[in-house]
Amino acid sequence: MIKNYLKTAWRNLLKSRTSSMINIGGLSIGMTVAMLIGLWIWDEVSFDRYHSNYDRVAQVYQHQTWNGEIYTGQALPFPLGEELRSSYGSDFTYIAMASWQDHHMLSKDNKHLNKNGIYIDKDGPRILSLKMLKGTLGGLSDPNSILLSETTAKAFFGDEDPMGQPMKIDNKLNVKVTGVFEDLPYSTTFRDLKYMAPWDLYKTSEGWISRSATDWRDNSFQCFAQINDKTDFASVNRRIERAKLNNLSEEDKKHNARIFLHPMKDWHLRSSWKEGMQAGGQIEYVWMFAVIGVFVLLLACINFMNLSTARSEKRAKEVGIRKTVGSIRQQLIGQFLVESLLVACIAFVLSLLLTLLALPWFNQVAAKQMHILWGNGWFWLAGLSFTIVTGLIAGSYPAFYLSSFQPVKVLKGTFKAGRLAALPRKVLVVTQFAVSVALIICTLVVYRQIQHTKDRPVGYDRSNLVTIMMQTPDFYGKYDVLRNELKRRDAIVEMSESSSPITAVWSNSGGFSWEGKDPNLDTDFAIIWVTAEYGKTVGFEMLDGRDFSRDFKGDSNAIIINEAAVKFMNIKDPVGKTIRWDDGNKPALTIVGVVKDMVMSSPYEPVKQAVYLFDDENVNVINLKLNPQRSTSESLAIIEKVFKEVIPAAPFEYRFADLEYARKFATEERVGKLAGVFAVLAIIISCLGLFGLASFVAEQRIKEIGIRKIVGASVFNLWTLLSKDFVILVGIACLIAVPVAWYYIHGWLQSYDYRVGISWWIFAIAIAGAFVLTIFTVSYQAIKAALANPVKSLRTE
C-alpha cells in the first residue's frame, strides 16, 4: 500500500510540475530559514556550556541606588572576595577575584605580542573548568606564574615545550609558564582569553591596586564563584545580600548595596538590567527569530495548502473513482498525506544543501562560527521530526478536504466547490501577506533606528583619529619626544594622552561637592584625565570658557565639564566656579571650560555627566590626529617607524576611532540584516504562492475569459478582473499587519533612550511595496490569460 502511495504521489508531482516546483521551492526556502535560525538559536542557548560547571558558576553582581534609581553592575570592591570566603564559605566551592579582561604585552626574549588576558585568583581555572593540555588547574598557585592558551604558546614557543619558560607581562612583571590550556570556543564569554596570570601578582603590580585592598567604596574589580552542590543560587543570594552593606560606613549605606549571584547560564542571554530587575537581553532576539522562523515556515506550508486545495476540482474525479472502487476515506487521507510528506522530504534534502551553501554567509552576518551538526543524533531526530510535522501540517487540510468529496456528485459532474470553498485560501493568503508586511515594517524601523543613532552628533571629530594603548612602562615619559618628532615629520596634526579612549569611559567617581549642591544628591561623574592637547586632537567643541593650556600653571587644578554635568549640577555660569572632590581632601578644582557633550559610551543612551582633568600621569591612551594632507598608510608608516625608534620593546598596534565607534552598532546591525533577509524570503515565498494561485485562477476561468473577449472585453478589463481579488486580499493583510507591527516595534524601541520616531511613510512604503509585488506577480498570469486565443479557450474536451 505504501509503495502504491509513493508511486501515485511521484506521478502527481511530475504531472503538475509548476505547482510541484512552487511547493518544493517554497518549502525548501522555508525549511532553510528555519534551519539557519534553529542553528543560531542552538548556538545562543548553548553559550558558555563548554564549561563543565556551567549550571553552578556565577559572577557576583551588585545593585546600588543612586538618586532614586537602581543600577546593576559587576564592578565590585577588592575586599569582597575574602569576605565571601570567610563569612559565607560553606555556600561556595570556589571564589575568585579577578581583573577585567584586557590586552597586555607578553614578552619572550625579543618577541613581544599584545594578548587579551586576565588576572584571577588561583581557583579561577577550576571555576572555568579549563581543559589543560600541559600543567594542571592549580597552575596559578605560584604568584609569578602564567597559563597560556594553546595558540599563544604556539606563537611564542612553536614546537618547543613552554613549561617553565620565563616571560614578562607589560615588560615589567616576571613570570614563568606553568600550564597551557585548550583554546576556548567562540561560543563562550571568555573566547578571547589568551592567558591567565595570578591575582596575587596583580595586587602588587600597581600602587592603586594595593591601596584598594581595604577600600569597600572602590568598585574596580570582578568576582566569580562556584556554589556547592547542596545549595542553589536563590538561597545563596538571600544569605550574601548584605555582604558589602555590612562593611560600609553609615554615609555609604544610603546606596543600599545588595550583592547577588548572576548565573553563567544568564550571562549571554539575560544581561540587561533595569531598576534592579532583569530586563531581557539577547534572549529577546532569540524569541524574535524563533517566531520569524516559525512564521516563514508557516508561509511555505500555507502555499502548499493553498495550491493543493485550489487544484481540488482537477482531482475530484480521481477521488470519486477511488471511492467508487472501494477506497475508504482513511486510505485517501493516507494517500494525500504521503504526497505531502514526499514533498516535505524532497524539500528537506534541498534545504540541507541550501543551508550548507548559505552557512558561510550566515556566519559572517551573524558573527558566529556555526556548522551543521552532522554527527549529532539530536539534530537528525529534530530534522526528521521537523520534516514529518511540516509535511503533516502542510498536507492535513488538503487531505481531509479532498477525501470528503462525494463520489456521486463528482462523477456526475455536478460537484461544485461552492462560494465558501475559496474562503480558507483567502484567509491563508491574508495571513501570508500580513506576516510578510509586518516583517518589512519592523525591518525598516530597525534600520531607521540604527541610522538615526549613527547620525547622532557625537561632539568630536572621529575622522583620522587613531588611538594606541600605553601598555608598558616604556611609553611613559616619552610624550614630548613622540609628539615633537611626529609633528616634525608631518605625520600628525596633533597628539595627546588620556585615561581612556575617545569611544569609552574607564573611570567613574563620586564624592564631588560644590556651592549650592543639594545635600541629598548622589554624585557620579565620568572621569577622564587628559593632557593639554586633548581638545585639539579629538576636536571637541568649547561652549564656554577655554581649553587646557600648558601656559597656565594653575591648570593642574583646573577641570573642564560637559553640558550634561552643567545640567546635573544645576549651576549657572559655571566657568570660574570651584568644586571639591573626595570630601575636600584634595585641592579645590576650578572649572575653566564647558564642552559639548561627547558620546563616549553607548550611543543609545544619554551622555553621562563628565569631568576632564589636566594630568599627564594618570593616562593610558595615546590619541593621534593624522595629517589629512598625507595618505593614511603613509602617515601610519611614519608613526610606526618613530615608535620603533623611541619605544623599541613595544609592539606597534593602533585602532581607528571611527571603527571602534562603529562596533557599538554591531548587534543592532546584525539583527537588522538578518531580519531584512528573512523578511525578503518571506515575501518571496508569499509571491510564489500568489503566482501559483493566480495561475490556477486563470486556468479555472479560462472559458469565462474567452467569452468575455468575444463580447468585447479589453486586455485591461480582463487583467482587472483577475487581479482585483488578490489586491483586495493584500489590502486586508496590510490593515492587519500595520497595528501588529506598530505594537511590537514600538515596544522594542522603548529599550533605547535615544530612539527614532515611527514615521507614517515607513508603513506607506511597506504597503506600497506589497501592492506592487502583488500586481507584478499576478499580472503575468492575468495578461497571459487575457491574450490567449478565445477559440482555444472555448474548446470542449
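Strand β16 (residues 465-469) is largely enclosed by the rest of the structure, because 5 of its 5 residues are buried, where buried denotes under 20% relative accessible area with a 1.4 Å probe and protein chains only. The structure is a predicted model, in which local features need pLDDT of at least 70, side-chain atom pairs count only at pLDDT 80 or more, and totals for chains, interfaces and linings use all residues. Residues are numbered from 1 along each chain as its sequence is written, and side-chain values use heavy atoms, with hydrogens and water left out.

From β16, the residues L465, T467 and M469 point one way, while V466 and I468 point the other way, and all are buried. Strands are DSSP runs of E with at least two residues, and helices are runs of H or I with at least four, each numbered from the N terminus; two strands are taken to pair if DSSP finds at least two bridges between them. On this basis β16 pairs in the antiparallel sense with strand β26 (residues 621-626) over 5 bridges, and V466 stands opposite L624 in β26. Strand β27 (residues 655-656) also pairs with β16 in the antiparallel sense, over 2 bridges, with T467 standing opposite R655.

Elsewhere, helix α22 (residues 715-749) packs with helix α23 (residues 760-787) at an angle of about 155°, their axes being 8 Å apart; axes are lines fitted to C-alpha atoms, for helices over the stretch in contact, and angles run from 0 to 180 degrees between N-to-C directions. Helix α22 is therefore roughly antiparallel to α23, a description applied to angles over 145 degrees.

Terms used. Angles under 35 degrees count as roughly parallel, over 145 as roughly antiparallel, 65 to 115 as roughly perpendicular and the rest as oblique. Buried means under 20% relative accessible area, exposed over 50%, partly exposed in between (1.4 Å probe, protein chains only).
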